[in-house]
Number of protein chains: 2
Amino acid sequence: MDPLRTICAEPLDQASGVPLYQQLKLRIMGLIASHSIDEATPLPPESRICEELGLSRSTVRRCFQDLVEEGRVVRRRGKGTFVARYQLGATSDVAMNFSARVEALGKVPTSKILSFRQVPATGTLRERLRLAEGEPVWEVRRLRLADGVPMETNKACVPVRFCPGLTRERLSRSLYSSIAEDSGLLPAYEDAYVDAIVLDSAEAKALGQRRGAPAMRVVRTTFDAQMVPFEVAVLVRRADANRLHLRLGPEGSTVALENS
Amino acid sequence: MDPLRTICAEPLDQASGVPLYQQLKLRIMGLIASHSIDEATPLPPESRICEELGLSRSTVRRCFQDLVEEGRVVRRRGKGTFVARYQLGATSDVAMNFSARVEALGKVPTSKILSFRQVPATGTLRERLRLAEGEPVWEVRRLRLADGVPMETNKACVPVRFCPGLTRERLSRSLYSSIAEDSGLLPAYEDAYVDAIVLDSAEAKALGQRRGAPAMRVVRTTFDAQMVPFEVAVLVRRADANRLHLRLGPEGSTVALENS
């Protein structure tokens, strides 16, 4: 994905009440959230963004100044502006989104939306997302595929107020990008429980497995850098294609999801 | 477990070719490996160990001096000598041995030895333990129980040269303590793969589950502080009683095994 094209695909909304520098900022945060740019690749130069979007230098400068001050990007003299390492979120690649992980294996990630609706937050979902009883939440069920082969089902719940403009079309790109574009929230922390289950009929059918086959289940809450929880997801991963790799030691631990 | 009693349960072997300070040192390392003493509890005073084992002050002093210089224990002025935090191994309690984890829940851990034999190292086991082809390895299969309820099966393989004097009796206490007592190796790092499986008939019977029930499998290599691999273990844990808790963030990750 070309970052310049992603940022400048559509003109900004001159009629919106949201200042142009702020609109641009949310687009860049969406790009960061999509994990389609790493910390070694410079963001497009400010001058190119000015040209493509027909913005003044001062608007683009204000946007980048904000991103620098918030610690989301860093300037390196003579090299350009880069996504801050910290903003790439959890060090572990469990955190890395499905697409980035599959692409790293040289495969093509796709996603099929199984259902997409609003539901009222109740019970543990409400508690985990710290919402008022009944506050509306997007509930998105997706099947994630690698080279067309089903790998995991994902049921994600996100408060509507963090992504009011979510659509099927935006979802088909990236949920995290949509959230970042709408509200500036980027994933930084995860709290996840992993256990082993056997697939019921519906899950087995979705994943192209037989009923009773083993699977790894992850129940995950995702937080931004200020520890605001903004997503609860249940992931069911085929056991024959996924394993966790833990490296533990006195200096710290790493956790990686590997496709076996 | 009273540390003084553990260390001084039996007299040292005066006739052995191993110096007394070295014998005492290995006993203390066995105590550390058993996880029965934490970093907040002082080791028994040198004077008490002298009395109990009938050793000279200089022998005990030499032992403690060595432990301090190797970074295994630290002296705190006016408070005593404590196990160095580093020596307690991986920060994660996946590393914590089964007994310590179960005791922390207020339950009584027990272990049943299912088999205990020597086998020649071959294939991936040989590679993981960096052994010569055919080098002898202890293969120990155990069932671990909490309050008498089967929780996991554990097949551990340890090079015989790291624990030449292993017996069923010593195994019934702690495998890691036996290794530390025989060769001074303490667990510091783990490299583990976790996946989901369904139990076959034999595993299901051992764990008191039905065949086809889900389980979490861990294949783990354990290293000492110098990255010498000294154990490869396969753990099969009942899914209904075990889950992993992952906390991931830009400052680092923690992994905890929780009994659910």
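B:Asp191 is buried at 19% relative accessibility, where buried means under 20% relative accessible area, exposed over 50%, and partly exposed in between (1.4 Å probe, protein chains only). Its partner A:Arg247 forms a salt bridge with B:Asp191, the closest N and O atoms being 3.8 Å apart; a salt bridge is a side-chain nitrogen of Lys or Arg within 4 Å of a carboxyl oxygen of Asp or Glu. A:Arg247 lies in strand E9 (residues 243-249) of chain A and B:Asp191 in strand E6 (residues 189-198) of chain B, so this pair joins two chains. Helices (H or I, at least four residues) and strands (E, at least two) are DSSP runs, numbered from the N terminus. A:Arg247 counts as partly exposed, at 41% relative accessibility.

The model is predicted: local features need pLDDT of at least 70 and side-chain atom pairs count only at pLDDT 80 or more, while totals for chains, interfaces and linings use all residues. Residues are numbered from 1 along each chain as its sequence is written, chains are lettered from A and ligands numbered from 1 in the order in which they are written, and side-chain values use heavy atoms, with hydrogens and water left out.

**The interface**

Between chain A and chain B the count is 2 salt bridges. B:Arg247 forms a salt bridge with A:Asp191, with 3.8 Å between the closest N and O atoms.

On the side of chain A that touches chain B, strand E6 (189-198), strand E7 (214-223), E9 and strand E10 (252-258) each supply at least two residues. E6(A) gives the most, with 10 residues. The residues of this side divide into 20 nonpolar, 9 polar and 7 charged; Ala, Val, Leu, Ile, Met, Phe, Trp, Tyr, Cys and Pro count as nonpolar, Asp, Glu, Lys and Arg as charged, and the others, Gly among them, as polar.

In contact terms (heavy atoms within 4.5 Å), 36 residues of chain A meet 36 residues of chain B. The area buried between the two chains is about 3100 Å², of which carbon and sulfur atoms give 63%.

E6(A) and strand E9 (residues 243-249) of chain B run antiparallel, joined by 5 bridges. Two strands pair if DSSP finds at least two bridges between them. B:Leu248 in E9(B) is the bridge partner of A:Glu190.

**Salt bridges within the chains**

Over all chains the count comes to 35 salt bridges. Two that lie within a chain are tabulated here.

| Salt bridge | N to O distance |
|---|---|
| A:Asp66 and A:Lys25 | 3.4 Å |
| B:Asp182 and B:Arg170 | 2.8 Å |

B:Asp182 lies in helix H8 (residues 175-183) of chain B and B:Arg170 in helix H7 (residues 168-171) of chain B, so the pair ties together parts that are 12 residues apart in sequence. B:Asp182 is partly exposed at 25% relative accessible area, whereas B:Arg170 is buried at 12%. In chain A, a network of salt bridges links A:Glu169, A:Arg170, A:Arg173, A:Glu181 and A:Asp182.

Conventions:
Buried area = accessible area lost by both parts, 1.4 Å probe.
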